[in-house]
Amino acid sequence: MQSIISVLPDHIANQIAAGEVIQRPASVVKELVENAIDAGAEKIQVHIKDAGKTLIQVIDDGKGMNVKDAELCFLRHATSKIHSADDLFALQTKGFRGEALASIAAIAHVILQTRQEGTDTGTRVLVEGSQVIEQEEVVCDKGTSFEVKNLFYNVPARRNFLKSNDVEFRHIKDEFERIALAHPNIHLILTHNGTEVYNLRSVVLRKRIVDIIGDRQNERLVPIHEETTIVRVSGYVVKPEYAKKTRGEQFLFVNNRYFRDGYFNNAVNRAFEGLIQPKTYPGYFLYFEIDPAKIDVNVHPTKTEIKFEEDKYIYSILISSIRQALGKYNIAPTLDFER
Ligand code: ADP
Ligand code: MG
């Protein structure tokens with residue numbers, strides 16, 4: 001009998017993988033900005049047109065790529081960030097899967113322009129549907145610019161599934177804010193249809209938080225600090241009396257990476273128990289620093305889910321450090337709310 005199995009060509013494999021990595025324009029923003037951070041950028045500009053449906057451009061002043069890498073970067077599993085499986089246990093970078101650019105290039109029109117320091121000219125590469133259409137030498141700034149146009153042009157189901165511009169831009173803004181909170185030392189700019197939405201200069205963490213949630217909030221922040229051999233927890237919680245009816249201001253970061261975690265969220269809720277009204281949510285901006293060997297980032301392609309070896313320990317540290325901090329600010333004595 002004839003065999004019936006064939007290996008899918010790269011451009012189809014890329015398009016399938018893209019379904020997981022790139023869910024909407026905001027995913028493109030996340031991936032490109034994370035790459036810029038990994039490239040050591042000090043300033044990153046994000047320019048959006050029509051909520052990213054028409055254009056997403058990310059410009060950085062990072063280390064740039066040489067001619068060859070400017071073409072290789074669009075291949076699947078092409079990465080400069082890990083070289084062996086062991087490197088997975090010592091991750092210092094946001095990326096490592098070598099999938100994002102291959103995915104984006106499979107479902108959009110992409111123009112890359114990049115130049116490394118110390119070289120006179122850079123490279124411009126045009127990619128459509130995973131194919132390099134054009135590559136030329138150009139004069140450009142040091143660093144890298146990615147323009148992503150016509151996202152999902154060849155995936156009509158996805159394109160139709162996109163929400164209104166307001167909703168899609170809200171997702172972009174959320175992604176941008178998470179990155180901004182994780183990297184207060186980077187100058188970050190966001191524009192939408194030519195209007196500046198954010199221009200966040202490099203600052204200390206507290207100022208960056210206030211830049212995002214509003215000046216009035218400054219006095220509401222209570223600093224958290226706890227250091228053990230396993231984890232360093234720092235950041236801020238919002239005073240209990242300012243707990244909100246929505247979960248908007250709840251942020252967890254590990255090694256400068258935003259993540260979601262119901263279990264740790266529950267720890268924070270427990271620390272606030274008796275201090276806040278039922279059906280309100282405490283605000284928090286909590287940063288863990290932990291040995292990368294003790295976490296697994298490779299749970300999902302978008303990397304917002306993380307496994308912790310010492311989760312139970314961190315859970316209790318979280319409760320005690322928040323309670324202690326709230327106590328210091330004399331708000332520990334319980335206010336008795338009817339239940
Ligand atoms: P990953 O980030 O997992 O390595 P990507 O597909 O996102 O995979 O990027 C592939 C490679 O392209 C990166 O490893 C990096 O070497 C290079 N690259 C991507 N974006 C940039 C950038 N803004 N500046 C310099 N190099 C970049
Ligand atoms: Mg990447």
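The model is predicted, with local features needing pLDDT of at least 70 and side-chain atom pairs counting only at pLDDT 80 or more, while totals for chains, interfaces and linings use all residues. Residues are numbered from 1 along each chain as its sequence is written, and chains are lettered from A and ligands numbered from 1 in the order in which they are written.

Asp50 sits in the loop between β1 (43–49) and β2 (55–60), strands being DSSP runs of E of at least two residues and helices runs of H or I of at least four, numbered from the N terminus. Most residues other than glycine have a negative phi. Asp50, not a glycine, has a positive phi of about 50°. Lys303 likewise has a positive phi, of about 60°, and belongs to the loop between β14 (295–296) and β15 (307–308). Lys303 is buried, with 20 other C-beta atoms within 10 Å.

Turning to the domains, the assignment, which is automatic or from a database, gives domain 1 (10–200) and domain 2 (215–328). Their C-alpha centres lie 29 Å apart.

Around ligand 1 there are 23 residues, counted if the C-beta atom, placed from the backbone, lies within 6 Å of the molecule. The closest are Asn35, Ala39, Cys73, Thr79 and Gly95. Two or more residues of this shell come from each of α2 (25–38) and α4 (100–107).

Key:
Buried ≥ 20, exposed ≤ 12 C-beta atoms within 10 Å, placed from the backbone.
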